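These are my notebook entries on one structure. I record what I looked up, entry by entry.

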Amino acid sequence: MAFQFLTVQFDRLRTRIAIMRFRASGCQLGQGLRVRGGVPYLRNLGCLIIGDYVRLRNEPNRIRLATGAQGAIILGDEVALNTGVHIYSAARIDIGGGSRIGDNVAMFDTSFHAVHEGQSVRPRPITIGRNVWVGRNAIILPGVSIGDHSVVAAGSVVFDDIPALQVWRGNPAAFVKDVRAKNDFRRG
């Protein structure tokens with residue numbers, strides 16, 4: 001009982017520290033942010049917007065959120081990021097309300113360097129719809145759009161758009177089946 005009380009108190013303190021760090025770096029914060037298990041790594045040179053009632057779980061690995069000078073990360077209301085999530089934006093990454101992002105998921109809207117001589121780096125935005133579930137260790141690559149209520153299975157590598165209400169898995173990610181859900185369905 002005492003241990004649980006201390007854990008809750010430490011999480012409240014970590015949440016306050018995270019809020020101060022987010023604000024100091026120019027982030028726009030909604031209400032009700034909850035941080036558990038540590039303070040996320042943050043590097044905001046662009047724009048970071050965090051919606052209402054976002055949950056960040058940083059145990060055992062910290063979440064990493066970073067934006068380049070032209071980058072933007074937008075987390076909608078009630079988004080949950082789990083341990084070890086790494087998001088870097090040079091353009092824009094939008095994660096829709098109610099989405100759940102699993103442990104160690106990586107999202108990058110840029111390849112960071114050119115593949116061929118004389119080629120330039122072209123960041124391409126990532127858009128994740130409402131109520132999307134991205135499983136553990138998935139990788140979301142530049143230019144991807146994932147529709148509302150879709151599911152990306154654990155370990156998948158996504159480089160093509162995923163329509164709404166579909167389950168995809170694999171490397172490369174491929175269609176598995178449709179999701180049966182009403183538009184107001186919300187994952188717990």
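**Aromatic rings**

The scale I used takes buried as under 20% relative accessible area, exposed as over 50% and partly exposed as in between, with a 1.4 Å probe and protein chains only. The model is a predicted one, in which local features need pLDDT of at least 70 and side-chain atom pairs count only at pLDDT 80 or more, while totals for chains, interfaces and linings use all residues. Residues are numbered from 1 along each chain as its sequence is written, and side-chain values use heavy atoms, with hydrogens and water left out.

I then noted that the ring centres of F108 and F112 are 5.7 Å apart and their planes lie at 65°, so this pair is edge-to-face. Rings of Phe, Tyr and Trp (its six-membered ring) pair if their centres lie within 6.5 Å; planes under 30 degrees apart are stacked, over 60 edge-to-face and the rest tilted. F108 is buried, at 19% relative accessibility.

My search of the whole structure gave two aromatic pairs. Strands here are DSSP runs (E, at least two residues), numbered from the N terminus. Y88 is buried, with 14% relative accessible area. I recorded Y88, F108 and F112 as one aromatic cluster.

**Sheet**

I traced an open sheet of six strands in the order β1-β4-β7-β10-β13-β16, with parallel pairing. Two strands pair if DSSP finds at least two bridges between them. The edge strands, β1 (28-29) and β16 (145-146), each pair on one side only.

Around β7 (residues 72-75), I found A72 and I74 pointing one way and I73 and L75 the other, all buried. In a regular strand the side chains alternate between the two faces of the sheet. Four bridges join β7 to β4 (residues 47-50), and C47 stands opposite A72. Three bridges join β7 to β10 (residues 93-95), where I93 is the bridge partner of I73.

**Cysteines**

I searched the whole structure for disulfides (cysteine sulfur pairs within 2.5 Å) and found zero. For C27, the nearest cysteine sulfur is that of C47, 8.3 Å away. C27 is buried at 9% relative accessibility, whereas C47 is partly exposed at 28%.
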